[in-house]
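Here's a quick tour of the pockets in this model. Have a look at the structure first, then read on for what lines them.

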Amino acid sequence: MKHLLSRWLAIVASALMALAAWYSGAAPGYALVLFVLLVGLVMVVDPPGANERGPTIVNPQPAMPADPLPSIRASIEALDIPVLVMGAGADLLAQNAAAERAFGDLGEGQHVSARWRSPGILDMIRETIETGTPNQIEHSERLPSERVYIVRVAPVETDGRPLFLLSFRDISELRRLDRMRSDFVANASHELRTPLASLRGFIETMQGPAKDDAKAKERFLAIMLDQANRMSRLVDDLLSLSRLELKAHLPPDQMVDLKPVLGHVRDSLAPLAADLGVEIRLDLPEEKIEVMGERDELVEVFENLIENACKYGQDGKVVDVVVRREPGVGTEVRVRDRGPGIPAEHVPRLTERFYRVNVEDSRSKKGTGLGLAIVKHILTRHRARLLVKSELGVGSEFTVRF
Ligand code: ADP
């Protein structure tokens with residue numbers, strides 16, 4: 001600016017000098033030539049710079065940082081866990097779609113306590129706002145459904161405006177699996193401990209009071225063998241389950257004809273059926289019935305279902321195994337007994353590990369409570385389903401649908 005001023009002063013001075021020359025008697029042409037020469041000289045000595053051609057924009061204020069909220073709002077929208085943005089007063093400024101799905105529309109501008117009253121969450125937020133350090137706690141919600149979250153609050157590094165992110169990581173499923181695992185270990189230990197305690201009891205009796213009683217010893221040994229067999233069945237079933245879990249994500253890739261599989265299962269269960277006075281009737285179509293599967297696992301499925309039908313439906317005397325392939329439905333194998341049936345409230349839980357309608361009844365029939373859990377695991381791997389229909393006093397039907 002100063003530069004521009006001095007050049008204009010030089011031009012005005014040139015004009016004044018030309019006027020003075022004219023005034024002191026020089027010819028007007030001479031005065032004009034003098035003016036042009038002097039201005040030309042000024043231009044040569046001090047040519048105008050490129051930066052002087054337009055008006056110079058000068059901003060006396062430092063630049064204001066842009067509001068970070070819109071870009072944070074766009075970023076949290078890309079996350080699939082509930083995230084909210086709060087201001088320094090713990091007021092809600094934005095929420096992503098996942099938060100809206102989980103907690104509904106929270107209404108921007110509201111204080112966070114309008115939705116979360118838990119002192120744990122509110123204290124944690126207050127502390128983070130005061131100290132600027134992130135915090136997290138575990139928090140449970142009962143409605144609309146039981147959920148467990150890790151709630152975390154952390155400041156966002158922004159230019160100027162203090163913002164805080166409140167995020168919710170849902171760990172309900174992890175908790176459920178943890179509980180299932182520990183229930184399973186507790187159940188398995190309990191199932192093993194019972195026969196083990198009985199074995200120890202008999203050994204002590206045989207070492208002490210029944211030391212010289214040959215008849216009692218013989219009776220006890222038979223019971224001990226029974227208990228040892230029970231433990232071994234349980235360990236076999238547990239191993240079978242854990243093997244299945246290991247390959248749950250690998251679907252079988254061979255074609256298996258169900259006709260020879262079912263024939264084999266009927267033959268292997270023939271001695272048990274004869275002992276129970278039950279007849280196993282197979283109703284198979286003429287043609288091959290092929291499904292994608294693993295033969296040994298399918299044998300295990302039908303052994304479990306047909307053995308259960310013989311054991312629990314013994315009173316009905318017959319077990320029917322019917323195979324049908326229907327367009328639009330797929331291949332179905334139905335195992336039907338005419339036993340006492342299963343009360344409706346038990347049906348949805350039959351495939352849970354160690355779930356039994358009647359524990360004593362199952363134990364007396366050499367059950368482990370794991371048979372249908374194994375069946376379900378195998379069928380899941382085969383992309384097949386187990387459907388259970390049962391009517392009290394009429395019987396039960398277990399259908400495998402491929
Ligand atoms: P278990 O080793 O006890 O037989 P399963 O998992 O095979 O264990 O079956 C779970 C429970 O389901 C059994 O204890 C029994 O109470 C019931 N159940 C299974 N099949 C039948 C059936 N065909 N009729 C009646 N109850 C059945």
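This is a predicted model: local features need pLDDT of at least 70, side-chain atom pairs count only at pLDDT 80 or more; totals for chains, interfaces and linings use all residues.

Let's start with the largest pocket, whose volume is about 1000 Å³. It has 44 lining residues, and N304, N308, K311, Y312 and G367 sit closest to its centre. Which helix supplies the largest share of that lining? It's α9, with nine residues. At least two residues each also come from other elements, including α7 (214-246), α8 (258-276) and the strand β12 (395-401). In domain terms, domain 3 (174-246) and domain 4 (255-401) each contribute at least three residues to this lining.

Now for the second largest pocket, which holds about 680 Å³ of space. Of the 18 residues lining this one, M180, F184, E352, R353 and H377 are the closest to the centre. The top contributor is α6, giving six residues, and both α6 (172-207) and α11 supply at least two. Where does the second largest pocket lie? Domain 3 (174-246) and domain 4 (255-401) both give residues to its lining, so the pocket lies between them.

Here's how the two linings split by residue class:

Technical notes: Residues are numbered from 1 along each chain as its sequence is written. Side-chain values use heavy atoms; hydrogens and water are left out. On a 1 Å grid over the protein atoms alone, a cavity is a set of points where a 1.4 Å probe fits but cannot get out, and a pocket is an open set with protein on both sides within 12 Å along at least five of seven lines; lining residues have an atom within 4 Å of a point. Grid points are joined across faces, edges and corners, and a volume is the space filled by probe spheres set on the points. Helices (H or I, at least four residues) and strands (E, at least two) are DSSP runs, numbered from the N terminus. Domain bounds come from an automatic or database domain assignment.
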